[in-house]
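Take the model below one feature at a time.

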Amino acid sequence: MKKVLLLFIMLTVTTALNLSWAQLGVGQQMQNNSFNTWETESGTSYSAPKYWHTINNATGTYAGSAASADFVTQATGNNGTNCVKLTAVDKSVLFVTITANGSISTGRFNAGAPSAGNTKNCTYTSTNSGYNQTMTAYPDSVYVWTKTSLASSSEKARFNIVIHNNQKVNSSTNNPNNAVYQDPTPSSQSNSVVYTNSTTNNAKAVAKAEWNNNTGGNWVLQKVPFTYTNNGSTPSYILATFSTNQTAGGGSPGDALYIDDVVLIYNTRLATLTVNGAGVDGFNADVTTYNYPTPFCEGVIPTVAGTCQSAHASTEIMHDPTVAEPYT
């Protein structure tokens, strides 16, 4: 009777992020992403989280009339440490009272028009030192603790996080602030801070994560996936903007958005694991070591393959074969 050997393979699967500098399972994060460190914002007498910016040091024609100490303040966060509280404030612009959203950004604000909805009122990534945060990684999602205190239950606070490339207008005359990308995207070049049109601005985006909601006064962990544009661009910066209302000038004075612990998530869980093209019995996305028996004939080593759930992570398969006693 023919004797067949069994090959017991101990499979060990290592999942790694597509990051040249990162350790396994650890991805690049935004600076001061828990808002625990505060300082006086450059060019102002107002306090703000370090590495983050407010409208109080905005560029633009109407920057002087936009400032307020109430826009951004410290508060107690979900975990008991510092968080940031954004508050909407009534402001008078050209003798007209408008509700100015409490906002904060990793980029710089521009107050370029008296109408709140004009896209010259925006945030933008600047290559000038201090007004950008670099991002060369590919996170899968962002987790953010938020709490809203809004006068109307129908209103929604907002955050928009865009990973984009570093292309910019080279002319310093046309682009004195070295702007790379702006949010919201300009309706036309005349409403642009980056001195480009909407098509070009949108083409710079590598990935976006957007949230518009109302938590009803409760701390809620938001889990928002990044949507990648598949434009082939290499990420260079991340522009994150948080606001008390999804509409510029929307809501009521006193509306508030609390933000704590902005964490970029990198998914290295397994999607598949196969031996000779067949799925491994007892496969679990969170398990990375298996003892798997397979027939061993004429010295042929089985083919083992694995994939990750994230398109931006990779697997490395290590197998330790042990040949058992033959059976009939």
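The count of disulfides in this predicted model is zero. The criterion is a pair of cysteine sulfur atoms within 2.5 Å, and the count by that rule is zero. Cys83 has a relative accessible area of 0%, so Cys83 is buried. Cys122 comes to 5% relative accessibility. Buried means under 20%, so Cys122 counts as buried too.

Cys122 leads on to the largest pocket. Cys122 is among the lining residues that lie nearest the pocket's centre, together with Asn101, Ala116, Asn121 and Ala248. The lining has 35 residues in total, and the space in the pocket is about 680 Å³. Which elements give two or more residues to this lining? They are helix 1 (63-66), strand 6 (89-93), strand 7 (96-100), strand 9 (108-111), strand 10 (121-126) and strand 17 (237-243). By class, 17 lining residues are polar, 15 are nonpolar and three are charged.

Now turn to strand 19, residues 270-275. Strand 19 pairs with strand 22 (residues 304-308). The sense is antiparallel, and the pairing runs over five bridges. Leu270 has Cys308 of strand 22 as its bridge partner. Strand 19 also pairs with strand 20 (residues 278-279), again in the antiparallel sense, over two bridges. Here Thr274 is bridged to Gly279. Strands 19 and 20 form a hairpin, with two residues between them. In the turn, Asn276 has a positive phi of about 55 degrees.

Terms used
Residues numbered from 1 in each chain as written. Predicted model: local features only at pLDDT ≥ 70, side-chain atom pairs only at ≥ 80, totals over all residues. Heavy atoms only, no water. Pairing = 2+ DSSP bridges. Helix = DSSP H or I, 4+ residues; strand = E, 2+ residues; numbered from the N terminus. Buried < 20%, exposed > 50% of the residue type's maximum accessible area, 1.4 Å probe, protein only. 1 Å grid on protein atoms, 1.4 Å probe; cavity = no way out; pocket = protein on both sides within 12 Å on 5 of 7 lines; lining within 4 Å. Points joined across faces, edges and corners; volume = space filled by probe spheres on them. Nonpolar A, V, L, I, M, F, W, Y, C, P; charged D, E, K, R; others polar.
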